Amino acid sequence: MDVGERELIRRIRSAIGAPGRATIVGIGDDAAVYEPPGEYELITCDAFVDGVHFRRDFANYREIGAKCMVANVSDIAAMGGFPTRAVLSLAIPERMSTRDIEDLYLGFLDVSKHFSFEIVGGDTVSSRYELSISIALLGAVGRDRVVTRAGAVVGDAVLVTGRLGGSEVGLQILSRGMPRNEKANEAIRRHLRPIPRIAEAQAILDVATPHAMIDISDGLGSELWHIATESEVGIRLMQSAIPVDSAATEFAGTLSSTPEELAIGSGEEFELVVCIPLSEAERTIEHVAAVTGTEMVVVGEVVAASDGCTLVLSDGGEVELPRAGYQHMEPPGDRWGRSD
Ligand SMILES: [Mg+2]
């Protein structure tokens, strides 16, 4: 670090600005003091380490800061809430300049300002190793609006926001140093600058009674397994209904995959997967599109636990729903572990 800690704190404080009405003491004291929101509070926490969760040769510090914050905001969205306050701890290696740290903060602030929540404190220490970022995010949710992973009911429709696969394609293009065209750059943006679905979750809750909800951090297949396990149900995912990102369609061949495989395995999409009564699906899709402009589609249905989790292929065949991300080394034709 090339300026004193005091100067850094001064700069960060001025970037963060004055505390909001419900914050009695903000950043800079021994602890923050705030008036808790009227209903339930949410709290979530995530840690990110250079080389494991992000790469400085793929993203700039502002993008890294924003994406780490987005991951937390997305978890609050998936519970049915909205973010209110964050505290963050940074372990900063010697080589990072004050400018780098400020850029990281600008990334955090891009997200906190966009979603109207405050950064009320944190700690910055020096590290002999890689940059490490730890964020705790608080949120608020109405007592009757909490949605967990555990409430899916047999007969529910399974819906997804947005289009899937772009984040994985962006990551692959970066990792493999593939040539860039417009579509490639779009996928890279999708990977580096995701948008959490706070408004979409609220719009869903305004017109429907979601039984279970989760955000896509590991991949659609993996998240559906989480819902199935926690809700003690099975899920049928229709391959033909999966909303595939156009980059996944374009680059699937180059990546020795299929568009649907990319869409099912793509992590860090931060889209929402939600289980709602089938009778509420149509008005939910219409309302979310009208309020947020985000498309939603029905991708499957909740079935009995004894039926398991299956992927219904476009040709009518059925295989067990893939749990993890796709594997590019798998030979074509054996992608879903088909035995027939
Ligand atoms: Mg989550």
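Q: Which residues of α3 are called buried in this predicted model?
A: In α3, the buried residues are Asp100, Ile101, Leu104, Tyr105, Gly107, Phe108, Leu109, Val111 and Ser112. The term applies because a buried residue has 20 or more other C-beta atoms within 10 Å of its own.

Q: What makes the span of helix α3 close to the one expected?
A: Helix α3 has 17 residues, numbered 98-114, and reaches 24 Å from its first C-alpha to its last. The expectation is 1.5 Å times one less than the number of residues. For α3 the expected value is 24 Å, and the span is close to it. Just after α3, Ser116 takes a positive phi of about 55°.

Q: Why is Trp225 called partly exposed?
A: Trp225 has 19 other C-beta atoms within 10 Å. A residue is buried at 20 or more and exposed at 12 or fewer, so a count in between is called partly exposed. Trp225 is therefore partly exposed.

Q: Where does Trp225 lie, and which residues is Trp225 in contact with, leaving aside its neighbours within four places in sequence?
A: Trp225 lies in helix α7, which covers residues 220-231. With those neighbours left aside, its contacts are Cys309, Leu321 and Arg323. A contact requires C-beta atoms within 7 Å. As for Gln202, 23 residues apart from Trp225 along the chain, the two C-alpha atoms are separated by 24 Å.

Q: How do you know that β4 and β5 pair?
A: Two strands pair if at least two bridges are found between them. Nine bridges join β4 (residues 82-93) to β5, and these strands run parallel. Ala91 stands opposite Val125 in β5.

Q: Why are β3 and β5 said to stand at the edges of the sheet?
A: The open sheet has four strands in the order β3-β6-β4-β5, with mixed pairing. β3 (40-49) and β5 (118-127) each have a single partner strand, so one side of each is left without a neighbour in the sheet. Neighbouring strands of this sheet are turned by 10° against each other on average, direction ignored.

Q: What makes up the contact between domain 1 and domain 2?
A: The chain is divided into domain 1 (5-141) and domain 2 (157-320), and 27 Å separate their centres, taken over C-alpha atoms. The contact takes 15 residues from domain 1 and 15 residues from domain 2. On the side of domain 1 that touches domain 2, α2 gives the largest share, 10 residues. The residues of that side divide into 10 nonpolar, two polar and three charged.

Terms used:
Residues numbered from 1 in each chain as written. Predicted model: local features only at pLDDT ≥ 70, side-chain atom pairs only at ≥ 80, totals over all residues. Helix = DSSP H or I, 4+ residues; strand = E, 2+ residues; numbered from the N terminus. Axes fitted to C-alpha atoms, helices over the stretch in contact; angles between N-to-C directions. Domains from an automatic or database assignment. Contact = placed C-beta atoms within 7 Å. Nonpolar A, V, L, I, M, F, W, Y, C, P; charged D, E, K, R; others polar.
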